[in-house]
Amino acid sequence: MIVYQSDCGYSFNSDSIFLIHFISKFQPKGEMLDVGCGVGVVGLVLSREFDIKAHIVDKQSSMIDFAEINYSINTLDVEALHQDFFDLKEDRKFDIVVSNPPFYATGTTKSFDENIEISRHASHMPLEDFIAKVHKVLKPKGRFFFCYDAKQIPPLLSLLEKYHLRAEHIRFVHSKKDRDSKLVFLACRHNSKSATKVESPFIVFGEDNNYLQEAKEAFGYAKIHSIKAKKEYCDH
């Protein structure tokens with residue numbers, strides 16, 4: 001799968017690849033909304049692999065432009081919405097919401113590039129506003145898959161419960177087995193009463209600094225060939 005992205009702005013990274021692999025275990029299907037889609041990589045792979053009707057939303061025009069191109073060249077259908085997720089009409093309901101949202105905390109170093117700044121920092125998608133909106137656009141038994149800063153797991157779980165989104169599966173990501181987790185994956189269901197399962201940790205690198213088997217499998221599953229676009233496109 002070919003994915004074009006900007007050579008002068010935000011680029012997707014391994015977080016998205018590992019999130020895709022995490023979501024794939026749940027065999028998603030139905031109407032899917034990819035929130036803050038960027039160049040579309042998460043929704044693209046899921047659309048390729050599962051019976052999904054894709055909808056994507058991003059407030060950055062450059063990201064939506066790239067995402068639409070990527071869906072087109074990979075012959076996948078999509079409804080692309082160039083707007084702020086918080087402005088999305090709430091009469092639209094989805095079976096699945098997926099997201100790799102911005103979660104850098106206030107006070108962390110910000111980028112001089114506006115596109116990168118919007119893609120990374122939680123100030124552009126405050127956590128409670130984000131979860132509350134997901135609650136409003138999910139169908140009654142809909143599923144919500146996303147990743148977030150592992151250090152924020154207490155407010156995450158509290159807010160998910162507040163908005164009737166039970167975290168049925170939680171998996172922490174560690175760069176190495178002796179390193180603290182900086183990322184967590186969550187699989188949530190609207191109005192669920194199930195117990196929460198904390199899965200075994202996802203360890204990315206071995207002692208030799210090479211990818212471990214599961215990380216290799218995630219890249220192999222995604223099968224993405226990324227191509228950087230000329231800077232002139234970014235100025236469009």
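Modeller: Happy to! Let us start with helix α1 (residues 14-24) and helix α2 (residues 41-49), whose axes come within 9 Å and cross at roughly 35 degrees. Here axes are lines fitted to C-alpha atoms, for helices over the stretch in contact, and angles run from 0 to 180 degrees between N-to-C directions. Helices (H or I, at least four residues) and strands (E, at least two) are DSSP runs, numbered from the N terminus. The crossing of α1 past α2 is right-handed, a term used if the near helix is turned clockwise from the far one by less than a right angle, with anticlockwise giving left-handed.

On the α1 side, Ser16, Ile20 and Ile23 meet Val41, Val42, Val45 and Leu46 of α2, where contact means heavy atoms within 4.5 Å. Among the residues of this contact, six are nonpolar, one is polar and none is charged. In this sorting, Ala, Val, Leu, Ile, Met, Phe, Trp, Tyr, Cys and Pro count as nonpolar, Asp, Glu, Lys and Arg as charged, and the others, Gly among them, as polar.

Before going further, please keep in mind that this is a predicted model: local features need pLDDT of at least 70, side-chain atom pairs count only at pLDDT 80 or more, and totals for chains, interfaces and linings use all residues. Residues are numbered from 1 along each chain as its sequence is written, and side-chain values use heavy atoms, with hydrogens and water left out.

Another helix pair is α5 (residues 127-137) with α6 (residues 153-162): their axes come within 9 Å and cross at roughly 35 degrees. α5 also passes α6 in a right-handed crossing. Leu127, Glu128 and Ile131 of α5 meet Leu156, Leu159, Leu160 and Lys162 of α6. This contact holds five nonpolar residues, no polar ones and two charged ones.

Now for a strand. Seven of the eight residues of β8 (residues 183-190) are buried, so this strand is largely enclosed by the rest of the structure; buried means under 20% relative accessible area, exposed over 50%, partly exposed in between (1.4 Å probe, protein chains only). Strand β6 (residues 138-149) runs antiparallel to β8 and is joined to it by seven bridges, with Phe144 partnering Cys188 of β8. Strand β7 (residues 165-174) is antiparallel to β8 too, through eight bridges, and Phe172 stands opposite Val184. Two strands pair if DSSP finds at least two bridges between them.

Stepping back, the chain has eight helices and eleven strands, and 51% of its 236 residues count as buried.
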